[in-house]
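The sequence and structure come first, followed by the points grouped by topic.

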Amino acid sequence: MSGRIHILWRVGLASLAGALAFLATATFDQWYLMWVGLVPLLFVIRDRTPGRAFLYGWLAGFVANAGGFYWIAGLLVRFGHMPLAVAMPLFWLLAAYQGLIIGLFAWLLTLVRRRAPTLPVTLLAPVLMTALELCFPLVFPWYFAITQAWIRPVIQVADLAGPRGVTFLLVLVNGAFYDLLESRRARRP
């Protein structure tokens, strides 16, 4: 495969990760997708430089936020009395900013994995994502936990650990799927 096709493939997988994240939210209610939603992104950033990983992560975050907050442009037009030509760039700017959290996640994960390649993604990814959800300021705060809001057995974790506990669990499962698939791909036990 040529370099261009590889890039298109990675862009497609990063966009898929973002789409799976927003399809798991309440409006679309495909909650089960979040249990594997980050796996495509984890494969995309494998063996990438931290800078490239950031870009692919940001793309996934942009798609997730654009899909999840699609209603913002209409809100700005209807209640903010803005023309669509003003509302749309503001909407894209919001999605771009909010997507930074997943870009930072991908960057940090790649950076740490370069320095400690034996650390499993199963353990590393949930710690990093949960820390980012705690520290990164968002205009419209949201957590991966919102994807499980109507799934009683899962959301009970939030009673004990808050929404970040649910995020930790979701990203842990994504990391476990990634590690399992990666070990099979590399033919490791």
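**Cavity, pocket and helix packing**

The largest cavity has a volume of about 40 Å³. This is a predicted model, in which local features need pLDDT of at least 70 and side-chain atom pairs count only at pLDDT 80 or more, while totals for chains, interfaces and linings use all residues. Residues are numbered from 1 along each chain as its sequence is written, and side-chain values use heavy atoms, with hydrogens and water left out.

**The cavity**

- The structure holds 1 cavity of 30 Å³ or more. On a 1 Å grid over the protein atoms alone, a cavity is a set of points where a 1.4 Å probe fits but cannot get out, and lining residues have an atom within 4 Å of a point.
- A volume is the space filled by probe spheres set on the points, with grid points joined across faces, edges and corners.
- The lining of the largest cavity consists of Ile101, Ile102, Met129, Glu133, Leu138, Trp142 and Phe144.
- Both α6 and α7 supply at least two residues each to this lining. Helices are DSSP runs (H or I, at least four residues), numbered from the N terminus.
- The cavity lining divides into 6 nonpolar, no polar and 1 charged. Ala, Val, Leu, Ile, Met, Phe, Trp, Tyr, Cys and Pro count as nonpolar, Asp, Glu, Lys and Arg as charged, and the others, Gly among them, as polar.

**The pocket**

- The largest pocket has a volume of about 260 Å³; a pocket is an open set with protein on both sides within 12 Å along at least five of seven lines.
- Among the residues that line the largest pocket are Leu42, Arg46, Asp47, Arg113, Pro117 and Tyr178.
- The elements giving two or more residues to the pocket lining are α2 (39-45) and α6, and α6 gives the most, with 4 residues.
- By class, the pocket lining has 6 nonpolar, 1 polar and 5 charged residues.

**α6 against α7**

- Helix α6 (residues 100-115) packs on helix α7 (residues 121-135) at an angle of about 140 degrees, and their axes are 10 Å apart. Axes are lines fitted to C-alpha atoms, for helices over the stretch in contact, and angles run from 0 to 180 degrees between N-to-C directions.
- α6 and α7 are therefore oblique to each other. Angles under 35 degrees count as roughly parallel, over 145 as roughly antiparallel, 65 to 115 as roughly perpendicular and the rest as oblique.
- The residues of α6 in contact (heavy atoms within 4.5 Å) with α7 include Ile101, Leu104 and Phe105, and those of α7 include Val121, Met129 and Glu133.
- This contact divides into 12 nonpolar, no polar and 2 charged residues.

**α7 against α8**

- α7 also packs with helix α8 (residues 152-185), at an angle of about 150 degrees and with axes 7 Å apart.
- α7 and α8 are therefore roughly antiparallel to each other.
- On the α7 side the contact includes Val121, Ala125 and Met129, and on the α8 side Phe168, Val171 and Tyr178.
- The residues of this contact divide into 11 nonpolar, 4 polar and 3 charged.

**α1 against α3**

- Helix α1 (residues 3-23) and helix α3 (residues 50-68) pack at about 40 degrees, with their axes 7 Å apart. That makes α1 oblique to α3.
- Among the residues in contact are Ile7, Val11 and Phe22 of α1 and Tyr56, Leu59 and Gly67 of α3.
- By class, the contact of α1 with α3 has 12 nonpolar, 4 polar and 1 charged residues.
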